[in-house]
Each structure stands twice: as C-alpha cells, then as structure tokens.
Amino acid sequence: MRVGTPCPQPSNPPTFKMSTYPHWILEAVKKNKAGLHEEPSLDTRGDLADARLHTVCDEALCPNKGRCFSSGEATFLILGDVCTRTCRFCAVSKKTPLPPDPDEPRRVRELSRKWGLKYVVFTSPTRDDLPDGGAAHFAETVRQIRNLDPYIKTEPLIPDLNGNPDALLHILSPGPHVLAHNIETVPSLYGKVRQGADYKRSLRLLKTAKQRRPDILTKSGLMLGLGESEKEVENTLRDLLEHGCDLLTLGQYLAPSKAHLPVERYAAPEEFSAWEKKALELGFKAALCGPLVRSSYRAAELYQKARCRTGS
Ligand code: SF4
C-alpha cells in the first residue's frame, strides 16, 4: 500500500534554520528523516529511478518522505515534473513542460504491480499547456491500474483542469475510487497564494464530480499558516461540504525556501485535533488533520475510515 500527499514542504529545509521551527515540527521531521537512509527507502528510490517515474514526495520536498518511503508508500507524479502555474507555496519546478509520455501510465501500473499496491495515489503538476489539462493521461493511468486488478483502489489528485467539465468526466469515466482536488487555502488568500487558480472553479469541480459520479468519494485539502483566520477556515470547510466534498485533509504550511511565501503561523497539534473533530461534526465522512498531514498522507486509511463510517 503506497499512499501519500502532495506537499509543498521540505524534508530538508534548504534555507530556513531548523531552530525557527516549533518543537513538534522538528521532532516529527527528524523522526521521518531517519527512515530516508534505510534499505526500504533506498529500494523505493531505486525502483522509481528504474521505472523513470517521479513522485510528488521528491518534487514537493515532502517532510514525510522518510516515513513513507521506508514503509512502502509514495505518490506518483505523472505528466512530468514541471508546472505551468506559479503558486507561491509550492516547490514543484516552474519551466516549460515536456509533452506527456504515453508509456508512463503503463510504467505506473507495472511498478504498482511490483510493489503489490492495494491503493494507488497519483497526481500531476498543473498542465495548462494541454487542451484537456492532462485528463486523458489521468484516465489512462486509472484504467491501467484497474486492468491490473479491479480491486486496487485508485485516487487521482487532480489540478483544476481550467474548469473543463468534459476533462473531468474523462477522468471519472474509468471509475477511480476517490477523486481528489485541493482547495489549498481560504478564498481571501487566493490572489497571494494561488495565482491562476480560482476558488469557485475548484468548488465547482468538486460539485460536478459528485453530481456526475455520486458513487466516487471526493476529497480536498488545505493548509494552515498562510494568514487565514479561524472563521475563514470554517467557512471553507462549509463550502467544501456544500459542494459535495466527502473527505478532508488539513496540514501545516511549511515554506520550501525563502523565495516562497513565509509561514505566518504554526498551528499547534491540539488545534489540528480540534479541526478534525469539527470537520466530522460539520459532516465530512472522514478527516485527517495534523501538522505534517498532506493530501495523500495515509490516504488508504482515510478512505477506509469513510467507508466504515458510512457503512458502505
Ligand atoms: S505524505 Fe504523500 S507526498 Fe509526502 S512522502 Fe508521503 S506519500 Fe509522498
């Protein structure tokens, strides 16, 4: 089972002094990093290199990489490792992307087979250069994995596809188990944090997914620490629910470098626990909230929780 979360955070903060982090972040990152040099992590890395596959774990400098790689978890980054947008929280490279590699979905399938995955999470950078935003590639990746074994769960974590409903339907057509799209932050911060994105467009994407395929769980995530207020976070959770979102992740924003947006505030672990409780009270089918939670972190577990809670 290899799962994880796209995350704009450093496992090895390149520019910030470690002493600037609160102790709960330092301790968790230190623990996670310990796994990076163990044999299972090295095997994971070797397999990815052999298969010529990227992970968001590497590209987004995820602080959980040691934990995930050493326990056989990773999130594939399909459609290349270059993004066409310039979100100021994200470490993924911003240059000119290459055309999609038509053999990539097969390689994701083969590595999933080799690793014996039961739950596969994959994401992509935003590909505004492609007419369908990369939807055909996402759909083919779902299809390849389902052909391998229809009981393997798939979770594509998709960009906003520029609000193209046909592209979204294309991804939904082979029947992924979860359709994830991150709202990332509250609407008042979109101009500062997510240039080129649109809060309402992201909400509409989730709503359309739920309307067209109510059998598929929808999922979204956001970060704390960018300057949002408590009320704004609660309103965003309510917006997500009103637009048919089933599953929620909430984590701490960590700046990948000095060139990225600075962290405005560190939320304590207790605050995340309170948000998890609140999210369930508000109506999410399952929620995972914590300082190092990323959108694909323990994704299979979150999916199972939702299934158990709803008895489906
Ligand atoms: S949390 Fe997700 S992105 Fe981060 S290392 Fe784990 S699998 Fe990769």
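Q: Why are helix 6 and helix 7 called roughly parallel to each other?
A: In this predicted model, the axes of helix 6 and helix 7 (residues 165–172) cross at roughly 10°. Angles under 35 degrees count as roughly parallel, so helix 6 and helix 7 get that label. Their axes also come within 8 Å.

Q: Which residues in helix 6 and helix 7 meet?
A: On the helix 6 side they are Ala135, Ala136, Phe138 and Ala139, and they meet Ala167, His170 and Ile171 in helix 7.

Q: Which residues have the most contacts inside the largest nonpolar core?
A: Phe89, Leu248, Leu250 and Cys289 do, in a core of 80 residues. Helix 6 (residues 135–148) gives the largest share of this core, with five residues. Over the chain, 51% of the 312 residues count as buried.

Q: Where does pLDDT stay under 50?
A: Over residues 1–18, although the model has 77 contacts beyond four places in sequence for them. Where pLDDT is low, the predicted coordinates should not be read in detail. For the chain, the mean pLDDT is 91, and 94% of residues reach 70 or more.

Conventions: Residues are numbered from 1 along each chain as its sequence is written. This is a predicted model: local features need pLDDT of at least 70, side-chain atom pairs count only at pLDDT 80 or more; totals for chains, interfaces and linings use all residues. A residue is buried if 20 or more other C-beta atoms lie within 10 Å of its own, exposed if 12 or fewer, and partly exposed in between; C-beta atoms are placed from the backbone. A nonpolar core is a set of buried Ala, Val, Leu, Ile, Met, Phe, Trp, Tyr and Cys residues joined through C-beta atoms within 7 Å. Helices (H or I, at least four residues) and strands (E, at least two) are DSSP runs, numbered from the N terminus. pLDDT is the predictor's confidence in each residue, from 0 to 100. Two residues are in contact if their C-beta atoms, placed from the backbone, lie within 7 Å. Axes are lines fitted to C-alpha atoms, for helices over the stretch in contact, and angles run from 0 to 180 degrees between N-to-C directions. Angles under 35 degrees count as roughly parallel, over 145 as roughly antiparallel, 65 to 115 as roughly perpendicular and the rest as oblique.
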